[in-house]
Amino acid sequence: MFCIKSRYITCLLEQNLVKTACPINYDLEFEPDFDKFKFRGKEKIHIKILRPTRRLVLHSAELEINDCTIIWNEKNLKAKATLDEKNEKLVLSFPQEISGKAILLINFVGTLNDKLVGFYRSKYEHNGKEKHLATTQFEAADARRAFPCWDEPEAKATFDVSLIVDNGLTAISNMPVVSSKRIGKKTIFRFDRTPVMSTYLLYLGVGEFEFLQGKLGKTIIRIVTTKGKKLQGKMALVFTKQFLSYFQNYFKIQYPLPKLDMIAIPDFASGAMENWGAITFRETVLLYDSRTSSTDTLQHIAEVVAHELAHQWFGNLVTMRWWNDLWLNESFATFMATKAVDKIYPQWDFWDQFLISEMTGGLSLDSLKSSHPIDIDVKSPAEVRQIFDEISYNKGGSVLMMLENFIGQENFRNGMHGYLKKHEYSNATTDDLWNSLGAASGKPVRRMMNTWVRQIGYPIIEAAKVGSKIKLSQKRFSLENTNKAFPGKWIIPISIRTEDKVITKMMKSSTIVISHSNKWFKVNDGQKGFYRTKYDTESLEKLGVLIEEKKISNLDRWSIHHDLTALVLSNQYPLKYYLDFVSHYENEDDYVVLSDIVGFLNFLYVMLSGEEFWDEIREFNQYFMSIIFQRIGWDPVKGEKPTHALLRSILISSLAKLDDQDIIKEAKSRFTGLLKSGSLNPDLRNAIYSAVAWDGDSKTYRQMIGLYHKASTQEEKVRFLGSLSNFKEEKLLAKTLTFTLSKDVRTQNLFVPVARIVANPHGKELVWPWIRKNWKILVKKFGVGNPLLNRIIGSVSVMADMQREKEVRSFFARNHVPGTEMKLAQSLERIRIHTKFLENVRKEFGQ
């Protein structure tokens, strides 16, 4: 359609620097200096100048340009270099017009920063000594912080990398080392040429590494860690082999590089990064210690490894043309990771868990007016960084699940293979994907899916039994439920389960009517569709009976509850009705369903703390959770599902916060046992640490601090850091917030205690004043563009006070940081939603 095409062209012309010249090959040399935390670099870029010009514009940020020359027509022309710091561009001016092929020579110096972006340093300890390594994080637009380049996804080129490092250090890049040569106190590592790829996928690593090596076919696989940790990479090596084999078979395309490094980095802002052939991870999502690591950690490692491996095809082999199509990378990696893990480990019920890990976040964010479409116009790096969120990952993955269900698994697979083969080593758009899937299935993929990716939000289906028919009406769902009608209409693949069959129908209009003669019906069978359902009261009560009798699937039991919580929060159902309805779930035994219920009850406990009726909420929560916990118990039994371990931990933590004395007593007993023997079930550690802290005092606090410092793994450190946020005494919680800014807490973990304290009824009022007081420190610590800064802003969204909403709005208007606009708008909207919800609940309970 014309409007879609014109949108794309506008975005491309405003941002794309490649319309004047494009790179063919980068020959790069870097020499990091760990004494001064600087690096020297030089590059030789083979380029093609597309039209006669006297100037070229590249991306460059935080670099000092020392010398720049262009070789053209056998002439060496000196270039005048001008840095545009605000727009992160390097303008090169030449004494005459040039065109065609040329070679750019640039010498530069940069900083090994501590902001976790660009070419940065990471600090760690080994044998009591402080060490540093150098690593990179270039996505989305931070390669320009390491070398001047055309830092855009479409500007693909090959890369020849050399790293000059101190003797005794090892260097890593995307490709294998082809030579290493010692020259005095330095060693020069030269790497093989990369395939054609985007700048954001380049990797540079220098440090004292050790390796755990394996092989799949001809591909060498290495788990890379700092010294002393390689044995914790055994499970990651197993997962990497399994999932790499799975994806090669599924996509029918071999992994194209000769080696694959999986690198554990002590300091890392995101969970992981898919650099081609050199994937980086936080230590907590790659390293597994069988003595202390939990089932949750094991499953998370598997999921993240699978996610990053899927990127080697979706993102690396085929790359989105511009960042508006980021979802082609992230949504597919999210969806394919679940598919891979579920295939290899079906006992983990990963498609069931997909509802918690992915669909919940997508539905939540996209229920805000301040959300954004999956395919969104973005121009600046600040705008690009903001869309690495629950829309690009979670919603995108969820609508892909819906699409696969609509066209069939084999058609979906064939369509993806065609898409990857057609666009390999190149770039693609959303329309290219729709063309491939439409051709493979013969179905109107583009027409349907454009209603899901081009517009904001999702529908709620109002379903009512009218005589012998079911009337379905769609409209956009919004948590900020106002009288204003929001635009939006979707083509929805409807599925309705009844007593004896499943009815399927395409809903193309605002209202449809379906014949129905059964006793009951359930819309969105198996929660394959990315939408909510609101039933008439009679139909909902019938479903409540089916929930009690477990005559509908666990996924349907989940979706009924999850939709009801959204309707309660948007003030379309009274809270008391919800609490009555939850009684239908007292015999529930499914992890996915119960985690959703416990999660919402915990939300109510925190949100309504301090209200006159808070004790009623506490008593209800304790009653419901105790019933469930009595069945599951403290210790695993033979043959129980792996997800029971996840549920057990959630219940213990929640009941302790409800002051359940039996839970607290047993937690203390087991904690004492740990201190004496060093032994404790890893699946119980987080819950027990939190329970002990909840009932603890200043002595307990000092004990937890000591254990934090002694912890030998990052996973265990994060557990103790979280427990420091679970005390009742405000002075201790304030002490924790101060501790987060100390050198003892890694920047990547700073958000952990903040998130825990806002979820603590005794500490939720402390966080906003702390943010205001320390905002400049936080900005300096994270740096502009770090995704962790948005997490800090998002923590204020738990508030429910319009005066606070005004304070937050005013404060950030005066203290604006580029790249936080979207998160701020979403946080302010959530405060308004919570305020209105609280006002209505107060009226309902007569306060």
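Which residue in S16 is the bridge partner of Val-224? It's Ile-263.

Quick housekeeping: this is a predicted model, where local features need pLDDT of at least 70, side-chain atom pairs count only at pLDDT 80 or more, and totals for chains, interfaces and linings use all residues. Numbering starts from 1 along each chain as its sequence is written, and side-chain values use heavy atoms, with hydrogens and water left out.

Okay, the sheet. It's open, with 5 strands in the order S14-S15-S16-S18-S17 and mixed pairing. The edges are S14 (209–216) and S17 (272–273), each pairing on one side only. Strands here are DSSP runs of E, at least two residues, and helices are runs of H or I, at least four, numbered from the N terminus; two strands pair if DSSP finds at least two bridges between them. S15 (219–226) and S16 (259–265) run parallel over 5 bridges. Helix H2 (234–251) packs on the sheet and touches S14, S15 and S16, its direction making about 35° with that of S14. Contact is heavy atoms within 4.5 Å; axes are lines fitted to C-alpha atoms, for helices over the stretch in contact, with angles from 0 to 180 degrees between N-to-C directions.

Now Glu-274, in the loop between S17 and S18 (278–282). Is Glu-274 buried or exposed? Buried, at 2% relative accessible area, where buried means under 20%, exposed over 50% and partly exposed in between, using a 1.4 Å probe and protein chains only. Beyond four places in sequence, its contacts include Glu-139, Tyr-200 and His-311. Glu-274 and His-311 sit 37 residues apart in sequence, yet 6.2 Å apart C-alpha to C-alpha.
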